[in-house]
Amino acid sequence: MTYLELTCRTALWAVFLAAVIGKANPRGVRGLAAELTPVRWLPAQFAMSAAVGVITVEAGTVVALSASRSAILGYGMAVA
């Protein structure tokens with residue numbers, strides 16, 4: 001593992017961890033759902049479910065980037 005790869009993985013890990021921490025409270029989830037409500041292709045009744053899904057995927061990205069064996073999956077999740 002090179003220092004560049006480790007630095008990139010750590011930076012992505014920190015960004016996604018900060019995103020999860022910022023949204024992982026009731027006010028953060030409601031705020032994200034409110035931001036998703038105006039999206040045309042997403043029905044309003046699914047905004048809360050989509051918000052929870054986004055937070056779940058971000059948390060999964062943090063977990064995947066934590067281990068060397070699953071770092072490729074974490075990179076893919078970060079890009080998606």
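Figure 1. Residues 24 or more positions apart account for 44% of the contacts in the chain with a separation of 6 or more, a contact being heavy atoms within 4.5 Å. The model is predicted, so local features need pLDDT of at least 70 and side-chain atom pairs count only at pLDDT 80 or more, while totals for chains, interfaces and linings use all residues. Residues are numbered from 1 along each chain as its sequence is written, and side-chain values use heavy atoms, with hydrogens and water left out. The chain has four helices and zero strands, in the order α-α-α-α from the N terminus; helices (H or I, at least four residues) and strands (E, at least two) are DSSP runs, numbered from the N terminus. The C-alpha trace spans about 45 × 25 × 15 Å along its principal axes. Of the 80 residues, 24% count as buried, where buried means under 20% relative accessible area, exposed over 50% and partly exposed in between (1.4 Å probe, protein chains only).

**Figure 2. Packing of helix α3 against helix α4.** Helix α3 (residues 47-66) and helix α4 (residues 71-79) pack at an angle of about 150 degrees, with their axes 7 Å apart; axes are lines fitted to C-alpha atoms, for helices over the stretch in contact, and angles run from 0 to 180 degrees between N-to-C directions. The two helices are therefore roughly antiparallel to each other (angles under 35 degrees count as roughly parallel, over 145 as roughly antiparallel, 65 to 115 as roughly perpendicular and the rest as oblique). On the α3 side the contact is made by V57, G60, T61, A64 and L65, and on the α4 side by A71, L73, G74, Y75, M77 and A78. By class, this contact has eight nonpolar, three polar and no charged residues, with Ala, Val, Leu, Ile, Met, Phe, Trp, Tyr, Cys and Pro counted as nonpolar, Asp, Glu, Lys and Arg as charged, and the others, Gly among them, as polar.

**Figure 3. Packing of helix α2 against helix α3.** The axes of helix α2 (residues 26-36) and α3 come within 8 Å and cross at roughly 120 degrees, which makes α2 oblique to α3. In this contact V29, R30, L32, A33 and L36 of α2 meet A47, M48, A50, A51, V52, V54 and I55 of α3. By class, the contact has eleven nonpolar, no polar and one charged residues.

**Figure 4. The salt bridges of the model.** A search of the whole structure finds two salt bridges, each defined as a side-chain nitrogen of Lys or Arg within 4 Å of a carboxyl oxygen of Asp or Glu. In one, the side chains of E5 and R9 meet at 3.7 Å, N to O; being four residues apart in helix α1 (residues 3-23), E5 and R9 are separated by about one helical turn. E5 is partly exposed, with a relative accessible area of 26%, whereas R9 counts as buried at 6% relative accessibility. In the other, the side chains of E58 and K23 meet at 2.8 Å, N to O, and this pair links distant parts of the chain, with E58 in helix α3 and K23 in helix α1, 35 residues apart. E58 counts as buried, at 11% relative accessibility.

**Figure 5. R69 in the loop between α3 and α4.** R69 lies in the loop between α3 and α4 and is exposed, with a relative accessible area of 85%. R69 and T56 are 13 residues apart in sequence and 20 Å apart in space, C-alpha to C-alpha.
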